[in-house]
Amino acid sequence: MPRPDVLIVGAGVIGCSLAVRLREEKLSVTVVDRGGPGKEASWAAAGMLAPTSEHVQVKAEAALAEASAALYPAWIRHLEDATGLSVGYRAEGTLLVAFNSEEATGLGSLPGEAVSAEEAQRLEPTLSPRLVAARFLAGDRQVDNRRLLAALVEAARAASVELRSQTPVAEWRVESGRALGVRTAAGENLEAGAVVNALGCWAGCLPPLGSRLTPTRPVRGQMLALRAAPNFLRHVVRSPRAYIVPRSEGRLLLGSTMDDAGYDKSVTPSGLRCILVGAVEIAPHLAALPFEEAWAGLRPDTPDHLPILGATDIENYYAATGHFRNGILLAPITAELLADVILGRGPSLPLEPFSSLRFARP
Ligand SMILES: Cc1cc2nc3c(=O)[nH]c(=O)nc-3n(C[C@H](O)[C@H](O)[C@H](O)COP(=O)(O)OP(=O)(O)OC[C@H]3O[C@@H](n4cnc5c(N)ncnc54)[C@H](O)[C@@H]3O)c2cc1C
C-alpha cells in the first residue's frame, strides 16, 4: 500500500473534517475506522452549534468555539457546493427558557436578548404557558450532523482520500520517540509521514501509548426523536432539563442525558423518562406525537473537559480528540488548526491550553 503523508485514525466528524482540509493542502491522506465512517458520537449528536448556550466558560475554549462558529457558514457552503448534498444548517437561533425566578435570573446573566414569556409564545406557539422568561441567542444555530457526516465522507472520497472502513487499529507503531504508523487488528502495518489520533472517546485505548497523552473517557448521551408537523417549532429550545432541536423535515430531536456508563451505549427507561419529562415541560403537546427512534452515543470527555489538540512529545504523532459536548461545533476550527500544525505553520489560535502535554507533565 502506498505510504500517505497523513494517516488519520478515527473517521468521526473530527477525522473526516481534517482529511478534507489536508487534501486541500495537497497532502495524501488515509483515514481508517473500525466501523463505518461517522457512525459513533458524530452520528448520535444533536448538531447544535451552541457557543453560548453550552456555557463555555474557559476563555481559550470560548475563543475556539467562537472561531469555529464563525467558520461554519462558509465551511458548509463549500462542502454543499463540492458534494451537492444539503447539511441542514439552520440559523433561526436558540431560545433558552426558564420556569421559575431562579432560572430566569440565571438567564439574565447570559449574552443575547431578553424575551418575555408572551413574546416567546408568540415566536413559538407550542411552548408551555408555564414558562416565566426566555432569552434569544441569535448566534447559536444547528446543523443536521448525520447529513454533515454524509457530505464530509462524500467530499473526502471525491478528493481521493483513502477511506478504510471495517479496519480496527490494534496499536500505534512508535520507534525511538517517533510515530511510524499503526498495526491493524488484522496484522497489517500501515505507515505514514504523520499519524493523527482522532479516536474520540477511544483515544486512550490503544497500546503502547495508552492514555498518557490522550486520557479521554466516554460520557453517554441518550436521545430520542419524534415526528411532528414541519413548523411545530422553528427554534432550538433549551431549558435546564432538556432541549428540543427541530429538523427541517418535521423531525424533533429531544435530549439528552449525561451518563457515566463506560462504553455501554444502551438506551435506558430512566434516561428516556428524564428527557421526556424535561421536553414535555417545554412543549406539552409533544406528549401526543408519534415516537420515531431512540439512541445513545459516547461523548469524548477529558479530565479538564477541554479538547486535546496538536503536536505531542512523539514526533509525527498528533492529537485531535476530547471535544466532549461540542465536537460538531468545533470540527472546522479543529481541522484548520491541525492542518496548520502538521504543515509546520503557526496556528491561528494558541494551542497551549489544549496541549496533550498538560496530562503528561509530572
Ligand atoms: C447525545 C449526544 C449529543 C451531542 N450533541 C452535540 C451537539 O449538539 N453539538 C456538538 O457540537 N456536539 C455534540 N455532541 C458531541 C459530539 O458528538 C462529539 O464531540 C463529536 O462527535 C466527537 O467526534 P469524534 O470524531 O472525535 O468522535 P467519534 O464520532 O466518536 O469518532 C471516533 C471514531 O473512532 C473510531 N474508532 C474507535 N476505535 C477504533 C479503533 N481501534 N480503530 C479504528 N477506529 C476506531 C470509531 O468507530 C469512530 O468512528 C453530542 C454527543 C452526544 C453523544
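Which residues point one way from strand β1 (residues 6-9), which point the other way, and are they buried or exposed? In this predicted model, V6 and I8 point one way from β1, L7 and V9 point the other way, and all are buried, where buried denotes under 20% relative accessible area, exposed over 50%, and partly exposed the range in between (1.4 Å probe, protein chains only). In a regular strand the side chains alternate between the two faces of the sheet. Residues are numbered from 1 along each chain as its sequence is written, and side-chain values use heavy atoms, with hydrogens and water left out. Because the model is predicted, local features need pLDDT of at least 70 and side-chain atom pairs count only at pLDDT 80 or more, whereas totals for chains, interfaces and linings use all residues.

Strand β1 runs parallel to strand β12 (residues 194-197), to which four bridges join it, and N197 of β12 is the bridge partner of V9. With strand β2 (residues 29-32), β1 also pairs in the parallel sense over four bridges, and here V29 is the bridge partner of V6. Two strands are taken to pair if DSSP finds at least two bridges between them; helices (H or I, at least four residues) and strands (E, at least two) are DSSP runs, numbered from the N terminus.

The loop between β2 and α2 holds K39, which counts as exposed because its relative accessibility is 51%. The C-alpha atoms of K39 and V13 are 9.5 Å apart in space, although the two residues are 26 residues apart in sequence.

A backbone N or O atom of A46 lies 3.1 Å from a nitrogen atom of the ligand, and a polar backbone atom of L329 is 2.9 Å from a ligand oxygen atom. Of the 1,000 Å² of accessible area that the ligand has on its own, the protein covers 97% (Shrake-Rupley method, 1.4 Å probe).

Residues of domain 1 (6-85 + 145-216 + 303-360) and domain 2 (94-138 + 217-301) both contribute to the shell around the ligand, so the ligand lies between them.

How values were computed
Polar contact = N/O pair within 3.5 Å; in protein donor to acceptor, adjacent residues only side chain to side chain. Domains from an automatic or database assignment.
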